[in-house]
Amino acid sequence: MGVLTRLPEHRAESNFTQAGLATLVGVSRQTINSIETGRFEPSLSLALKLAHLFKVPVENLFSLPEN
């Protein structure tokens, strides 16, 4: 199992569409969708951009599953 994400919750709370969020951080809507569905793990720079945008620590958006 890959990285767990709370991106959908943060995006919904901020009233962003996937396309709108993608534009703000410079990726495609498909990339945001793939992160949210667990098919893609964001790069460190993208994870940091997202955390900065939502004004939360990166650990609030992404975490490793417990064993």
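Where is Asn-15 found? Asn-15 sits in the loop between helix 1 and helix 2, where helices (H or I, at least four residues) and strands (E, at least two) are DSSP runs numbered from the N terminus. The model is predicted, so that local features need pLDDT of at least 70 and side-chain atom pairs count only at pLDDT 80 or more, while totals for chains, interfaces and linings use all residues. Residues are numbered from 1 along each chain as its sequence is written, and side-chain values use heavy atoms, with hydrogens and water left out.

Asn-15 has a phi near 60°, a positive value in a residue other than glycine. At 70% relative accessibility, Asn-15 counts as exposed; the classes are buried for under 20% relative accessible area, exposed for over 50%, and partly exposed in between (1.4 Å probe, protein chains only). Lys-55 is not a glycine either, and has a positive phi of about 60°. Lys-55 is placed in the loop between helix 4 and helix 5 (58-61) and is exposed, with a relative accessible area of 75%.

Helix 3 (residues 29-36) is mostly covered, 6 of its 8 residues being buried. These buried residues are Thr-31, Ile-32, Asn-33, Ser-34, Ile-35 and Glu-36. Their cover includes strand 1 (4-5), helix 1 (7-13), helix 2 (18-25), helix 4 (44-54) and strand 2 (62-63). Arg-29, also in helix 3, is partly exposed, with a relative accessible area of 38%. Leaving aside neighbours within four places in sequence, Arg-29 is in contact (heavy atoms within 4.5 Å) with Gln-18, Ala-19 and Ala-22. The C-alpha atoms of Arg-29 and Gln-18 are separated by 5.5 Å, and the two residues are 11 apart along the chain. Just after helix 3, Gly-38 takes a positive phi of about 80°.

The structure holds 1 salt bridge, defined as a side-chain nitrogen of Lys or Arg within 4 Å of a carboxyl oxygen of Asp or Glu. It joins the side chains of Arg-11 and Glu-36, at 2.6 Å from N to O. The pair links distant parts of the chain, with Arg-11 in helix 1 and Glu-36 in helix 3, 25 residues apart. Both Arg-11 and Glu-36 are buried.

Helix 2 and helix 4 pack at an angle of about 110°, with their axes 10 Å apart. Helix 2 is therefore roughly perpendicular to helix 4, a term for angles of 65 to 115 degrees. Axes are lines fitted to C-alpha atoms, for helices over the stretch in contact, and angles run from 0 to 180 degrees between N-to-C directions. In this packing, Leu-21, Leu-24 and Val-25 of helix 2 meet Leu-46, Lys-49, Leu-50, Leu-53 and Phe-54 of helix 4. By class, the contact has 7 nonpolar, no polar and 1 charged residues; Ala, Val, Leu, Ile, Met, Phe, Trp, Tyr, Cys and Pro count as nonpolar, Asp, Glu, Lys and Arg as charged, and the others, Gly among them, as polar.

The count of aromatic pairs comes to 1, for rings of Phe, Tyr and Trp (its six-membered ring) with centres within 6.5 Å. Phe-16 and Phe-54 form this pair, which is edge-to-face (planes over 60 degrees apart), at 6.0 Å centre to centre and 65° between the planes. Phe-16 lies in the loop between helix 1 and helix 2 and Phe-54 in helix 4, so the pair ties together parts 38 residues apart in sequence. Phe-16 counts as partly exposed at 27% relative accessibility, whereas Phe-54 counts as buried at 10%.

Terms used
Parallel < 35°, antiparallel > 145°, perpendicular 65-115°, else oblique. Phe/Tyr/Trp six-rings, centres within 6.5 Å; stacked < 30°, edge-to-face > 60°.
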